[in-house]
Amino acid sequence: MKITASDALLVIDAQSDFCEGGALAVQGGAGIMPLINRLAERFDTVIATQDWHTPDQISFASNHDGATPFTEIEVAYGPQMLWPDHCLQGTPGADFHPEVAPAIRRALAVVRKGYNPAVDSYSGFFENDHRTATGLAGLLRDRGVTRVFLCGLAYDYCVRFTAEDAVREGFEAVVIEDACRAIAEETAAAAKASFATLGVVEVEAVSLF
């Protein structure tokens with residue numbers, strides 16, 4: 001697969017809290033960081049997303065009496081998974097993982113999401129209300145980008161929702177499967193099925209070198 005000037009790499013939430021030892025660790029998360037660095041060298045346009053939550057974030061189980069993480073509640077914009085507190089603004093857990101620093105240095109921009117306490121945000125394009133835009137689509141269009149490649153954490157949530165919204169916004173979307181890690185098998189299978197339905201392509205990183 002040939003990478004061109006109209007392609008962009010989206011590095012999704014490559015943050016310490018999503019890696020081993022973090023508040024919401026994804027198994028194998030740290031292990032993909034060297035591959036993300038190699039991928040970033042191949043693209044003229046690299047953009048990173050960053051979860052950037054306040055302590056009163058609606059998606060934190062700790063903010064709902066008697067609730068436990070990994071259960072779902074209904075909020076104004078629909079169903080919302082509850083999570084352990086993670087990626088709190090200005091904390092080490094919200095920082096990008098140290099091993100992905102070369103890719104982040106190449107990033108044209110960092111799109112912060114989830115900073116509205118009343119709305120969680122998985123996608124790099126929209127908050128979970130599916131109405132509040134982050135500005136990512138406009139940035140990509142201004143750069144002449146027509147196709148986005150996605151890597152990072154987690155495959156079955158923030159990578160998935162960003163890829164889906166990329167297609168809805170008129171971009172081609174390619175998920176680099178071995179440069180992602182998933183939270184759970186069931187939700188990873190749902191993401192894969194969604195990608196097939198929407199025309200999101202999945203590739204291995206070796207096809208890009």
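**Note on the predicted model**

1. Aspartate 13 is buried, with a relative accessible area of 0%. The residue sits in the loop between E1 and H1. Its phi is positive, about 50 degrees, although aspartate 13 is not a glycine.

2. Leaving aside residues up to four places away in sequence, serine 16 touches Gly22, Pro92, Gly93, Asp95, Phe96, His97 and Pro98.

3. The six are Met33, Leu35, Ile36, Asn37, Leu39 and Ala40. Among the elements that cover them are E1, strand E2 (45-51) and helix H2 (101-105). Strand E6 (147-153) and strand E7 (172-181) are also included in that cover.

4. Phenylalanine 70 lies in the loop between E2 and strand E3 (72-75). Its relative accessible area is 47%, so phenylalanine 70 is partly exposed. Aspartate 13, by contrast, is buried.

5. The bond runs from leucine 153 to alanine 154, and its omega is near -10 degrees. Alanine 154 is placed in the loop between E6 and H4.

6. How do H4 and H5 pack, at what angle and with what distance between their axes? Helix H4 (residues 155-168) and helix H5 (residues 185-198) meet at an angle of about 10 degrees, and their axes are 10 Å apart. H4 is therefore roughly parallel to H5. The crossing of H4 past H5 is left-handed.

7. Which residues make this contact? From H4 come Tyr155, Asp156, Tyr157, Arg160, Ala163, Glu164, Val167 and Arg168. They meet Thr187, Ala188, Ala190, Ala191, Lys192, Ser194, Phe195 and Leu198 of H5. By class, the contact holds nine nonpolar, two polar and five charged residues. In an α-helix, residues three or four places apart point the same way, because there are 3.6 residues a turn.

8. Serine 194 gives a close view of that contact. The residue lies in helix H5. Its relative accessibility is 13%, so serine 194 counts as buried. Not counting residues up to four places away in sequence, serine 194 touches Arg160 and Glu164. Both of these residues are in the H4 part of the contact. Serine 194 and glutamate 20 are 174 residues apart along the chain, and their C-alpha atoms are separated by 27 Å.

9. Glycine 138 is placed in helix H3 (residues 136-142). Is glycine 138 buried or partly exposed? Its relative accessibility is 33%, so glycine 138 counts as partly exposed. The C-alpha atoms of glycine 138 and proline 84 are separated by 32 Å. Along the chain these two residues are 54 positions apart.

10. Now the whole chain. The protein has five helices and eight strands. Read from the N terminus, the elements run β-α-β-β-β-α-β-α-β-α-β-α-β. Of the 209 residues, 53% count as buried. Among contacts with a separation of 6 or more, 75% join residues 24 or more positions apart.

11. The overall dimensions come last. Along its principal axes the C-alpha trace spans about 50 × 30 × 30 Å.

Definitions and conventions:
Residues numbered from 1 in each chain as written. Predicted model: local features only at pLDDT ≥ 70, side-chain atom pairs only at ≥ 80, totals over all residues. Heavy atoms only, no water. Contact = heavy atoms within 4.5 Å. Axes fitted to C-alpha atoms, helices over the stretch in contact; angles between N-to-C directions. Helix = DSSP H or I, 4+ residues; strand = E, 2+ residues; numbered from the N terminus. Parallel < 35°, antiparallel > 145°, perpendicular 65-115°, else oblique. Left-handed = near helix turned anticlockwise from the far one by under 90°. Nonpolar A, V, L, I, M, F, W, Y, C, P; charged D, E, K, R; others polar. Buried < 20%, exposed > 50% of the residue type's maximum accessible area, 1.4 Å probe, protein only.
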